[in-house]
Amino acid sequence: MATIEDVAKAAGVSKGTVSNVFSKKRPISKEVTEHVMKVAKELNYRPNYWARSLVNKKTRIIGLNMRGEKLKMSHFQYSLLNGVLPVCYERGYRLLLNTLSPNYLNQVEHLASDPVDGEIILDAVIGDSRIEDCLQRNVPIVVIGRPSGEDETRVSYVNNDNISTAAKVTQYLISLGHEQILFINGPENRTVTVDRTAGYMQAFAQQGQSPSEGMIVHQNNMQTMTSLTYSYETALVRLKENPEITAVLTDTESMALGVYKAAAELNLRIPEQLSVLCFGYGGTFAQEFNPPLTGVDLHADKLGTEAILLLLEQLEQSDAGNKLAKRTIIPSDLVVRGSCARQTERLTKKMTK
């Protein structure tokens, strides 16, 4: 196997130049880089990854920490990856994906720290221990979502304006004449859940109203059932108990599918008798939504791109002393399809019984 000395000799450059081409520790001209890479390929040279890491004291690995659901990823998470990965590849970084469910976090084999230069944290919760752990270990981080409490001023983050977005979609349903709007929300300890709840309440307040008691329900963060099953069971019970509910807003696309299944079982037509709207619609279950689902495009790929750029900025300025926490807000868009409508049929049927 060829060595770094072999490449340097064949390319007519110094060993240090070859090292810098692969480590990217110092800038090398495009012409020299391309020449060295061509020679290295001809000689089948492969740098020792871990030896290089020991010398540079950097792994060139970025961690992406997201909370998984039975180790499965949502369309939002896949889209976010599509925003992160190209930037990593272009800048010579690898990505270490951690999708551990909270049920596994305390197992001994998962307690070791990851060999990363920096970390992107998704799904921030109130008092997030992942953030505190990185800060204590002096690991550069960027959060996707709003950090809670003092963390909001201590760490950089990328987010949607979830309060404004939730208010907008709730106002949209209210404008269609819906008064009893069931909100099947995410786990209560997530900051995005807190913000969406605030936006939902804000929309009613702007109309001089308040939602009926029990119209906001939260998924249990530690439950074993999927969000689809949870939403299906919740919608089934609530729609049976309260025929005045004419619209359902859900935290995710999979939750919306659960509502569709519950509506079908109760012989409720969407959107004539029940309107459904979700956050983060990405088309994962597009063929199963009939009619097509109205939802909010959170632009997860842009969230991912902005997060990795912020993190790399921190890494490249690692010797510049204290850095100010930055905040980037990515706009979201309501995409109207076929699952929401102005309707009074369900209420009329109840009144005439």
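**Burial and overall make-up**

I started with burial: 47% of the 353 residues in the protein chain count as buried. I'm working from a predicted model, so I keep that in mind throughout. Next I looked up the secondary structure and found 13 helices and 12 strands in the protein chain. I also checked how far apart in sequence the contacting residues sit. Taking contacts between residues at least 6 apart in sequence, 73% join residues at least 24 apart.

**The cores**

Which residues have the most contacts inside the largest nonpolar core? I got Ile181, Ile184, Leu249, Leu274, Val276, Leu277 and Leu293, in a core of 43 residues. I then listed the elements that give two or more residues to this core: helices α8 (162-175), α9 (191-206), α10 (227-241) and α11 (253-265), plus strands β6 (181-185), β8 (247-250) and β9 (275-279). Helix α11 gives the largest share, seven residues. There is a second, separate core too, with 23 residues, among them Ile62, Met66, Leu81 and Ile330. A background note to myself: nonpolar side chains in soluble globular proteins tend to be buried together.

Setting aside neighbours within four places in sequence, I found Leu249 in contact with Val169, Thr170, Ile181, Leu182, Phe183, Ile184, Tyr200, Leu277 and Phe279.

**Helix α9**

I compared the length of α9 with what its residue count predicts. Its 16 residues should span 22 Å at 1.5 Å a residue, and the end C-alpha atoms are 23 Å apart, so the two agree. The buried residues in α9 are Thr191, Val192, Thr193, Asp195, Arg196, Thr197, Gly199, Tyr200, Ala203 and Phe204. What covers the buried residues of α9? My list includes α8 and the strands β6, β7 (216-218), β8 and β9. After α9 comes Gly208, and I noted its positive phi, near 70°.

**Helices α10 and α11**

I went on to how these two helices pack. Their axes come within 7 Å and cross at roughly 40°. That angle makes α10 oblique to α11, and the crossing is right-handed. On the α10 side, the contact is made by Ser227, Leu228, Tyr230, Ser231, Tyr232, Ala235 and Leu236. Facing them from α11 are Ser254, Met255, Leu257, Gly258, Val259, Lys261, Ala262 and Glu265.

**Helix α12**

Helix α12 covers residues 300-316, which is 17 residues. I get 24 Å from its first C-alpha to its last, close to the 24 Å expected. Its buried residues are Ala300, Leu303, Gly304, Ala307, Ile308, Leu310, Leu311, Leu312, Gln314 and Leu315. Their cover includes α5 (75-90) and the strands β1 (61-65), β3 (118-122), β4 (141-144), β5 (156-159) and β11 (327-329).

**Helices α1 and α3**

Last, I turned to the start of the chain. The axes of α1 (residues 4-11) and α3 (residues 30-42) come within 9 Å and cross at roughly 120°. The two helices are therefore oblique to each other, and their crossing is right-handed. Val7, Ala10 and Ala11 of α1 meet His35, Val36, Val39 and Ala40 of α3.

Note on methods. Residues numbered from 1 in each chain as written. Predicted model: local features only at pLDDT ≥ 70, side-chain atom pairs only at ≥ 80, totals over all residues. Heavy atoms only, no water. Core = buried A, V, L, I, M, F, W, Y, C linked by side-chain atoms within 4.5 Å. Buried < 20%, exposed > 50% of the residue type's maximum accessible area, 1.4 Å probe, protein only. Helix = DSSP H or I, 4+ residues; strand = E, 2+ residues; numbered from the N terminus. Contact = heavy atoms within 4.5 Å. Expected span 1.5 Å × (residues − 1). Axes fitted to C-alpha atoms, helices over the stretch in contact; angles between N-to-C directions. Parallel < 35°, antiparallel > 145°, perpendicular 65-115°, else oblique. Left-handed = near helix turned anticlockwise from the far one by under 90°.
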